Amino acid sequence: MRCIANIFWLMVKEFRTLWREAILLLLVIYSFGPGLYIESSGAGDMLNKASVTFVDEDQSALSRALRTALLMPRYLPPLEAGADQIDRMMDWGETIFVVVIPAGFEADVRAGRTPSLQLNIDATKTTAAAVGTGYLTATFNEEISRFAAGQNIVMASPVDLVLRRSFNPAGNETWLSSISGLLNSLSMLTIVLTGAAIIREREHGTIEHLLLMPVTAIEIGFAKIFANGLVIFIAFLFSLFIVVQGALNVPFAGSEGLFLAGTAVYLFAAASIGVLLGVMARTMAQFALLLMLVIMPIMILSGGMTPVESQPAWLQPITWLLPSRHFMEFATAITYRGADFAIVWPEFLWTFLLGAGFLVISLILFRRSVI
């Protein structure tokens with residue numbers, strides 16, 4: 001009971017200290033609110049309001065069908081221009097794509113040949129150019145195939161690829177980017193708050209006072225983890241229900257309670273990393289440098305930005321030592337595939353064990369760091 005009481009009063013002290021740190025609180029509110037919404041809604045490979053200009057030298061029914069196939073909100077209403085206007089429009093950034101339809105294009109399709117379209121791209125708009133090329137190619141191929149089928153024309157390609165997406169039928173990148181954004185905010189803010197709390201005690205000279213009191217290093221560590229973790233968890237609840245499910249309209253296939261339980265386990269692991277960095281660093285500047293070395297691998301190698309399978313083969317086994325990878329594994333399984341505890345319990349266990357390992361190392365180094 002005395003141990004619990006000590007942790008409780010140390011948590012109260014931590015809440016009072018954090019309440020006076022207005023900048024940190026504003027960072028938490030922004031990261032889990034407007035920041036997450038902007039990151040998720042603007043991320044991914046979804047094309048939005050791309051400008052396309054046609055140089056139609058064929059003036060046929062098929063060329064007009066290609067123009068009308070580009071619909072909002074993926075494309076702006078297509079423009080028409082002459083061949084002599086292409087360079088000027090591209091130089092002044094008036095359009096991203098210029099599609100040149102050669103004369104006799106429809107006649108070649110009717111004859112069963114495979115004519116070519118010229119696509120000029122403003123490659124300075126890197127993401128839109130890369131993504132839009134694929135969208136335009138698929139749209140034009142579909143429209144030409146529909147035209148050929150209506151004219152009883154046999155096209156050269158014998159393969160009809162039918163794509164069926166499981167768990168995300170529309171391929172909406174916002175779904176994954178929202179969970180990845182939650183992970184990034186959880187990781188960064190939990191580590192920052194807990195680590196900064198340790199550094200703050202050292203810089204203010206209060207950590208020696210704590211050690212003179214009848215409290216143990218374990219109690220101090222748990223108080224830092226529970227207090228800062230609770231603040232982040234409350235912000236996470238708001239972000240999950242108001243921003244992710246409300247504003248971004250991301251569906252939830254599994255148990256929300258199970259997802260929140262897994263998040264609590266991950267908060268323990270992330271806070272333990274923050275305590276470890278706070279113990280290792282002597283000043284806030286050192287802590288900031290360590291933070292850069294730790295946060296980036298946690299975000300990049302979690303599988304949220306790039307699939308783990310796409311990473312170098314020698315690096316993939318190392319990612320199992322990151323709690324963030326296990327969070328992404330069970331978060332996507334619960335959120336999109338409706339997985340239950342019988343499926344995700346290994347990820348829960350690994351996350352907890354990694355967090356416990358980081359905390360044990362922190363406690364071993366704690367007293368050495370204040371000598």
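**View 1. A nonpolar patch on the surface is formed by Phe 341, Trp 345, Leu 349, Phe 352 and Leu 353.** Patches are made of residues with over 30% relative accessible area and no salt bridge, like charges being joined within 9 Å and nonpolar side chains (Val, Leu, Ile, Met, Phe, Trp, Tyr) within 5 Å. Leu 349 counts as partly exposed because its relative accessibility is 39%; buried means under 20% relative accessible area, exposed over 50%, and partly exposed in between (1.4 Å probe, protein chains only). The model is predicted, so local features need pLDDT of at least 70 and side-chain atom pairs count only at pLDDT 80 or more, whereas totals for chains, interfaces and linings use all residues. Residues are numbered from 1 along each chain as its sequence is written, and side-chain values use heavy atoms, with hydrogens and water left out.

**View 2. Glu 14 and Arg 200 form a salt bridge, with their closest N and O atoms 3.8 Å apart.** Glu 14 belongs to helix α1 (residues 2-19) and Arg 200 to helix α8, so the pair ties together parts that are 186 residues apart in sequence. A salt bridge is a side-chain nitrogen of Lys or Arg within 4 Å of a carboxyl oxygen of Asp or Glu, and the structure holds 9 of them. Both partners count as buried, Glu 14 because its relative accessibility is 4% and Arg 200 because its value is 11%.

**View 3. Glu 80 forms a salt bridge with Arg 67, the closest N and O atoms being 3.7 Å apart.** Since Glu 80 sits in strand β2 (residues 79-80) and Arg 67 in helix α4 (residues 61-68), this pair ties together parts that are 13 residues apart in sequence. Glu 80 counts as exposed at 52% relative accessibility, whereas Arg 67, at 13%, counts as buried.

**View 4. Glu 94 and Arg 88 form a salt bridge whose closest N and O atoms are 2.9 Å apart.** Glu 94 is partly exposed, with a relative accessible area of 36%, and Arg 88 is likewise partly exposed, at 37%. Elsewhere, salt bridges that share partners join Glu 14, Arg 200 and Lys 224 into one network.

**View 5. Leu 62, in helix α4, counts as buried at 0% relative accessibility.** When its neighbours within four places in sequence are left aside, Leu 62 is in contact with Phe 105, Glu 106, Val 109, Ile 144 and Phe 147, contact meaning heavy atoms within 4.5 Å. The C-alpha atoms of Leu 62 and Glu 143 are separated by 8.4 Å, although these residues are 81 residues apart along the chain.

**View 6. Ser 180 is found in helix α8, residues 173-204.** At 6% relative accessibility, Ser 180 counts as buried, and its contacts, leaving aside neighbours within four places in sequence, are Gly 304, Met 305 and Met 328.

Key. Helices (H or I, at least four residues) and strands (E, at least two) are DSSP runs, numbered from the N terminus. Accessible areas come from the Shrake-Rupley method with a 1.4 Å probe; for residues, only the protein chains shown count as cover.
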